[in-house]
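Me: I'd like to learn how to read a structure one feature at a time. Could you walk me through this one?

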Amino acid sequence: MKDLRLINLKSHDCHTLMQQLLPVAIRGLLPKQVRAVIVQLCYFFNAICCKVIDPIKIEELQEEVVVTLCLLEKYFPPAFFDVMLHLVVHLPREIKLCGPVWLRWMYPMERYMKILKGYVRNRSRPEGCIIECYVAEEAVEFCSEYLESAQTIGIPKSLESRQNVRMGFKVTPVEYKMLCEAHFYVLQNTPEVDCYRLQHLRKGERWLQAEHRRCFIPWVRQKIETELANPDHCVTETLRWLANDPRRDVIRYSGYGINGYSFHTREHDLRSTTQNSGVTVEGESFHVSSAKDKNLVYANMSYYGVIEDIWELNYTSFKITVFRCKWVDNKTGVKVDEHGFTLVDLNKEGDCSDQFIMANQAKQVFYVSNQNDGYFSSLKSFFTI
């Protein structure tokens, strides 16, 4: 990277760069018209490589790619064009006749060819080496299926699925106010507590939101204790333990893997060359037209931020992992540009009263800094098996 060149890239690397990173990389570097047509071409390839394509949308893609190629001819010299660029026009029709692109591309075969090339030990007899290693590997894997408690050599299943993988923990006491805030969020997002939440909160009255936050925890505890006094109660074991506060000593992690994502705290990212602290979550929020408006309107919104801490709340019989995040103000710190990129200003902090989210609700984003302004472009991370 010292010479500002990318070398030794495979075809799939170029494919990923064009679809995901190139539109962000050229933002603010080229004239607006040239940048727009390149981004439009990248979006076209991103659309045709989706696993599910609407047949009606194929016609729209056909019309869009024709306009895109005409704009390329307008801004780029004739030497830029060859037969490969012209073939892009026929890709929508090919999808209509043969199906989605990902079912027919050669990337899986290219990856497997790399595996077969690794089997070669004697270059004068490559075919024999490949056959010998292939047969030996198949035999070992076949035998391992008949051995109990035997695992094949390779990446551990926990890391491969990235589910409930914990990294770098320590046990520390936390402030009771912060613990109650995390406990309140758990109660708010546990399906078994929904009936109690609806009893305590009547939607449509604004002042009840603050009162609900202040009184809900002791109210639920008293309500469930009253129901437990009845021999014919229907309180589950989970509700029984959720009615009480979690233990004051909280296990804090520097990293956590769940839902195919590997999350780290912001402090860990500052010491690392990678970025895994970006997070986004979609939540329900209420909106009002003015300070005097008492009629609340509920809508789903996407919130962006970074992970400050990872807690594991101990409810004695079970544990729940939550992320403490620093959220960006959606009114002044988040906007969408003309190309559809979500721009986030991490310096504009939002409401501090809702810092926690459940670990299974989090989705990972990657923030790329822009040179022209203080905003960061957010790229959503997708986990593929």
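Me: Where does Asp82 lie in the chain, and which backbone nitrogen atoms lie 3.2 Å from a polar atom of its side chain?

Reply: Asp82 belongs to the loop between α3 (55-75) and α4 (83-86). A polar atom of the Asp82 side chain lies 3.2 Å from the backbone nitrogen of Met84. The backbone nitrogen of Leu85 is also 3.2 Å from a polar atom of that side chain.

Me: Before going further, how should I read the confidence of the model? What is the mean pLDDT of the protein chain, and which elements have the lowest and highest values?

Reply: The general idea is caution: where pLDDT is low, the predicted coordinates should not be read in detail. For the protein chain here, the mean pLDDT is 83, with 85% of residues reaching 70 or more. Among the elements, helix α8 (residues 157-161) has the lowest mean, 57, while strand β6 (residues 319-327) has the highest, 92.

Me: Now salt bridges. How many does a search of the whole structure find?

Reply: Side chains of opposite charge can pair when their charged atoms come close. Searching the whole structure gives seven salt bridges. One of them joins Glu59 to Lys96, with the closest N and O atoms 2.2 Å apart. Glu59 sits in helix α3 and Lys96 in helix α5 (residues 91-98), so this pair ties together parts that are 37 residues apart in sequence.

Me: Which residue forms a salt bridge with Asp309, and which strands do the two lie in?

Reply: Asp309 meets Arg252 in a salt bridge, at 2.5 Å from N to O. Asp309 is in strand β5 (residues 297-314) and Arg252 in strand β2 (residues 249-258), so the pair links parts 57 residues apart in sequence.

Me: Let's turn to helix packing. At what angle do the axes of α2 and α3 cross, and is the crossing left-handed or right-handed?

Reply: The axes of helix α2 (residues 32-48) and α3 come within 10 Å and cross at roughly 145 degrees. Their crossing is left-handed. On the α2 side, the residues that meet α3 include Val34, Val37, Leu41 and Phe44. Their partners in α3 include Leu61, Val65, Leu72 and Tyr75.

Me: Which backbone oxygen does the side chain of Thr280 reach?

Reply: The side chain of Thr280 reaches the backbone oxygen of Tyr303, at 2.9 Å. Thr280 is placed in strand β4 (residues 278-287) and counts as buried, with 5% relative accessibility. Not counting residues up to four places away in sequence, Thr280 touches several others, among them Ser302, Tyr304, Gln361 and Val365.

Me: Last one: what is the phi of Asn259, and what is that of Thr316?

Reply: Most residues other than glycine have a negative phi. Asn259, although not a glycine, has a positive phi of about 55 degrees. It lies in the loop between β2 and β3 (261-264) and is partly exposed at 35% relative accessibility. Thr316, also not a glycine, has a positive phi of about 70 degrees. Thr316 lies in the loop between β5 and β6, where it is partly exposed at 46%.

Note on methods. Residues numbered from 1 in each chain as written. Predicted model: local features only at pLDDT ≥ 70, side-chain atom pairs only at ≥ 80, totals over all residues. Heavy atoms only, no water. Helix = DSSP H or I, 4+ residues; strand = E, 2+ residues; numbered from the N terminus. Polar contact = N/O pair within 3.5 Å; in protein donor to acceptor, adjacent residues only side chain to side chain. Salt bridge = Lys/Arg side-chain N within 4 Å of Asp/Glu carboxyl O. pLDDT = per-residue confidence, 0-100. Axes fitted to C-alpha atoms, helices over the stretch in contact; angles between N-to-C directions. Left-handed = near helix turned anticlockwise from the far one by under 90°. Contact = heavy atoms within 4.5 Å. Buried < 20%, exposed > 50% of the residue type's maximum accessible area, 1.4 Å probe, protein only.
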